[in-house]
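Here is a friendly walk through one protein model, written for someone who would like to follow along on screen. Please have your viewer ready.

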Amino acid sequence: MNNKQHTIKKSVTLSGVGLHTGVQSTMTFLPAPPNHGYKFQRVDLPGQPIADADVDHVVDISRGTTIEHNGARINTVEHVLAAMVGCQIDNILIQLDGPEPPIMDGSSIKFVEALLDVGLEEQEAHRKFFELTEEVRYKDLERGVELAALPHSDYRLTVMVDYNSKFLSSQHANLTNIEQFNEDFAKCRTFCFVHELEALYKAGLIKGGDLSNAVVIADRDYTEEELEHLAMVLGKPKVSVSKEIGVLNNISLHYKNEMARHKLLDMVGDLALVGRPIKAQILAARPGHAANVALAKKIKKLMLEADKNQVPKYDPKQPPIFTHERIYQLLPHRYPFQMVDKIIYLDDESVVGIKQVTMNENYFMGHFPNNPVMPGVMQVEAMAQTGGILVLSSVPDPENYWPYLVAIENCRFRKSVIPGDTVIFKCTLLAPIRRGIAKMHGTAYVAGQIVCEADMTASLVRKS
């Protein structure tokens, strides 16, 4: 999986009819900045409201996943979101002039092709993976549904479907690497059974459904009169059933297990509503949108709990967001006051910096030379410089500003910092930056333990 966040290089537009609403719509994918995530915008509504693609905003799961946020309702989002995950796109704005994305051929492939055609752009931000640390389960015993999310260092999914049909019994699909998705899963189409068609039709769904955008599976043998009725429901002059694979109008399947693969595609799209890329092993027996959303809500709850007091992780093998050269360009400090070696995380609200403490630090010559301890004031200085990067990132031209530390409050030193320690500094905004004034809480960690923390206020001053 990619370690850096990605968006698309330029906008791209697709048009078509919505599966359930039957409304013709135009959908435009637009590039978005780091940490933007997936958002839908209803440009046909007053104020052009934007809806975050978030599991907390799911309002309907009848034959598709519908979200509603800020007055914007979007039906059947799962195929579009699956394409985002498959392409490993993190940040995108999806504009719609109707209530539902176009169904296209009933899969994600048209979205994938359009996105890859305009190309992806790597961004200066690491992906915010949520790596599951404990087992999460969802069961619906009445429907025979069971889903499990298990800790894993990658993203893997296994799906089993089992239908009481002479043409579709048990099928399995397995994705072991997200890079398989575009080639092996994206073109797998949505499907339903003949007996579901009339019920869906009467429920006001599948208004845009067609044999060109869905696989319809026969339940049994049908009389000519029944086939004529199906043709009327589908708006076709004639309907026939393939005797070999049991689908209407002799449509060829892309894979023998295309239905299981499409269920996996749906699950990838629904789990994208967690809001961050996941590292977990997902095992699913007879999944559907209701179960997928329920599992996503459980995973998000764990994610939020883990985020509350999470100690930043530092993997020296991963490339930093800013190297010491870039920090040198942004901050005015020079030897011996260059206190931050690299920035490993940065978003609109927080920043994480690294300081490698060595015996060669100049202050060790006079600060307890026989028992070298990093002075508390230098710890605060390094933490403030880390916060300075966060404050500077709030303006489009950071090279034209000085970040001044103007206040320190509630400062505590909890553990000595000595040569050989790797100090991780995390600074988080306590409130939005207003008029160049930033209030933030800084915490310094060594080996997972807090060594120093303080509330700081910084001021951005334009260079004269």
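The notes below cover a sheet, a helix, a cavity and some ring contacts.

## A word on the model

Please keep in mind as you read that this is a predicted model.

## The three-stranded sheet

Let's begin with strands S6, S7 and S8, which form an open sheet in that order, with antiparallel pairing. At the edges are S6 (58-60) and S8 (72-74), each of which pairs on one side only. From one strand to the next, the twist averages 30°.

If you zoom in on S6 and S7 (residues 66-69), you will find an antiparallel pairing over two bridges. A handy place to look is Val-58, which stands opposite Ile-67 in S7.

Next comes helix H1, which spans residues 78-86. How many of its nine residues are buried? The count is nine of nine, so the helix is mostly covered. Among these buried residues are Glu-78 and His-79, along with Val-80, Leu-81 and Met-84. After H1 comes Gln-88, which has a positive phi, near 55°.

Two residues of H1, His-79 and Val-80, also turn up in the lining of the largest cavity. Rolling a probe the size of a water molecule over the atoms shows where empty space is left. Searching the whole structure this way gives one cavity of 30 Å³ or more, and the largest cavity holds about 50 Å³ of space. Its lining also includes Leu-19, Thr-76, Glu-100, Ile-103, Ser-107 and Phe-111, together with Pro-101 and Pro-102.

## Aromatic pairs

A pair of aromatic rings is described by the distance of the centres and the angle of the planes. In this model the count comes to four aromatic pairs. One of them joins Phe-181 and Phe-185: the ring centres are 6.4 Å apart and the planes meet at 15°, so this pair is stacked. Both Phe-181 and Phe-185 are buried.

Tyr-363 and Phe-364 make an edge-to-face pair, with 5.0 Å from centre to centre and 75° between the planes. Are these two residues buried or exposed? Tyr-363 is buried, and Phe-364 is buried too.

## Lysines over rings

Two lysines are worth a look on your screen. Lys-279 lies over the face of Phe-129, 4.5 Å from the ring centre. Lys-463 lies over the face of Trp-402, and its distance from the ring centre is 4.5 Å.

How values were computed. Residues are numbered from 1 along each chain as its sequence is written. This is a predicted model: local features need pLDDT of at least 70, side-chain atom pairs count only at pLDDT 80 or more; totals for chains, interfaces and linings use all residues. Side-chain values use heavy atoms; hydrogens and water are left out. Two strands pair if DSSP finds at least two bridges between them. Helices (H or I, at least four residues) and strands (E, at least two) are DSSP runs, numbered from the N terminus. Axes are lines fitted to C-alpha atoms, for helices over the stretch in contact, and angles run from 0 to 180 degrees between N-to-C directions. Rings of Phe, Tyr and Trp (its six-membered ring) pair if their centres lie within 6.5 Å; planes under 30 degrees apart count as stacked, over 60 as edge-to-face and the rest as tilted. Buried means under 20% relative accessible area, exposed over 50%, partly exposed in between (1.4 Å probe, protein chains only). A charge sits over a ring if NZ of Lys or CZ of Arg is within 6 Å of the ring centre and within 35 degrees of the ring normal. On a 1 Å grid over the protein atoms alone, a cavity is a set of points where a 1.4 Å probe fits but cannot get out, and a pocket is an open set with protein on both sides within 12 Å along at least five of seven lines; lining residues have an atom within 4 Å of a point. Grid points are joined across faces, edges and corners, and a volume is the space filled by probe spheres set on the points.
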